[in-house]
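Please take a moment with the sequence and the 3D view below before reading on.

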Amino acid sequence: VTSLWSVGLAGAAAVGRVPRGAGNDRAGGVGVPRGRVEAAALIAAGRAARPADLLVADAGGVVVNAAHAGLGAEAADRSESLKGSLGPLAYPVGALVAGVRESGWDLEVVADGAVVHRGPALMVGVGNGPSIGGGTELFPGARVDDGQADVVVVTAVGPAARAAFAAALRTGDHLDRDDVIALRAADVAVSGDPVRHNTDGEVGDEVVRRRYTVEAGAWRLVRP
């Protein structure tokens with residue numbers, strides 16, 4: 001992916017995406033069919049490629065769809081062993097297990113230079129696309145080409161609040177909750193307690209700080 005980003009920044013590459021993972025959130029978020037045959041047909045039809053944004057992490061990696069720290073990363077880690085048997089259902093099951101076991105982290109979130117949260121948090125998400133975990137719309141309305149990332153900070157750390165947030169997330173009402181902060185920014189930093197980040201489905205080691213910046217129109221993607 002890093003080499004893809006480098007070529008895309010030079011304006012020399014157009015990418016056609018054929019989904020292969022269990023969740024395929026990036027494909028679904030931009031209208032690319034989740035089925036391999038259908039996605040390949042879209043590419044073969046010669047559809048024009050359009051600019052798309054990337055998130056660049058200060059650790060040197062890039063994020064095509066979304067990064068999330070805290071509960072989301074723990075859920076993804078616990079769902080990994082379930083993907084073979086449950087497919088897209090593996091993430092909701094992993095999230096259920098993680099939601100019972102995790103009680104939050106003490107984090108600071110800075111968006112475009114302003115502190116938007118400081119204190120206990122259940123998870124922090126930074127996304128280019130609307131969904132994570134095979135269709136869970138953490139960032140409804142997110143666009144891949146608006147030059148900004150959608151940011152969601154969840155402060156529902158108590159047992160009852162965690163359960164209520166999970167229910168609201170399933171129905172798409174989570175952004176209306178008082179313990180959820182939602183905004184858009186081009187530069188987002190998460191720091192504080194050691195916490196793992198999930199970047200496009202890959203869960204890393206615990207870190208005390210991670211920063212994501214938007215590279216607007218950094219690559220070109222064949223999409224409807």
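Two strands are said to pair if DSSP finds at least two bridges between them, and the strands themselves, like the helices, are DSSP runs numbered from the N terminus, with at least two residues (E) for a strand and at least four (H or I) for a helix. The model is a predicted one, in which local features need pLDDT of at least 70 and side-chain atom pairs count only at pLDDT 80 or more, while totals for chains, interfaces and linings use all residues. Residues are numbered from 1 along each chain as its sequence is written, and side-chain values use heavy atoms, with hydrogens and water left out.

With these terms in hand, the chain can be described as having seven helices and twelve strands. Six of the strands form an open sheet in the order S8-S7-S6-S3-S10-S11, with antiparallel pairing. At its edges are strand S8 (180–185) and strand S11 (202–203), each of which pairs on one side only. In general, the strands of a sheet pair through backbone hydrogen bonds, either parallel or antiparallel.

S7 and S8 are joined in the antiparallel sense over six bridges, and among the residues involved, Val152 has Ala182 in S8 as its bridge partner, while Ala149 has Ala185 in S8. S6 and S7 also run antiparallel and are joined by five bridges, where Val124 finds its bridge partner in Val153 of S7.

How much of S7 is buried? A residue is called buried when its relative accessible area is under 20%, exposed when it is over 50%, and partly exposed in between, using a 1.4 Å probe and protein chains only. Six of the six residues of S7 are buried, so this strand is largely enclosed by the rest of the structure. In a regular strand the side chains alternate between the two faces of the sheet. In S7, both faces are covered, with Ala149, Val151 and Val153 buried on one side and Asp150, Val152 and Val154 buried on the other. Across the chain of 224 residues, buried residues make up 45%.

The interior can also be described through its nonpolar cores, a nonpolar core being a set of buried Ala, Val, Leu, Ile, Met, Phe, Trp, Tyr and Cys residues joined through side-chain atoms within 4.5 Å. The largest core has 21 residues, of which Leu55, Leu107, Val124, Val126, Val188 and Tyr212 touch the most other members. Among the elements that give two or more residues to this core are strand S1 (49–57), strand S9 (187–195) and strand S12 (207–222), and the largest share, four residues, comes from S4. Apart from this core lies another, of 14 residues, among them Met123, Leu138, Phe139 and Val180.

Contact here means heavy atoms within 4.5 Å. Leaving aside residues up to four places away in sequence, Val188 touches Val109, Val110, Val126, Val151, Arg210, Arg211 and Tyr212. Of the contacts in the chain with a separation of 6 or more, 67% are between residues 24 or more positions apart.

S4 and S5 run antiparallel and are joined by seven bridges, one of the pairs being Glu108 and its bridge partner in S5, Arg118. In the hairpin of S4 and S5, which has two residues between the strands, Asp112 takes a positive phi near 50°, and at 46% relative accessibility Asp112 counts as partly exposed. Asp200 likewise has a positive phi, of about 55°, although Asp200 is not a glycine. Asp200 lies in the loop between strand S10 (197–199) and S11 and is partly exposed, with a relative accessible area of 33%.
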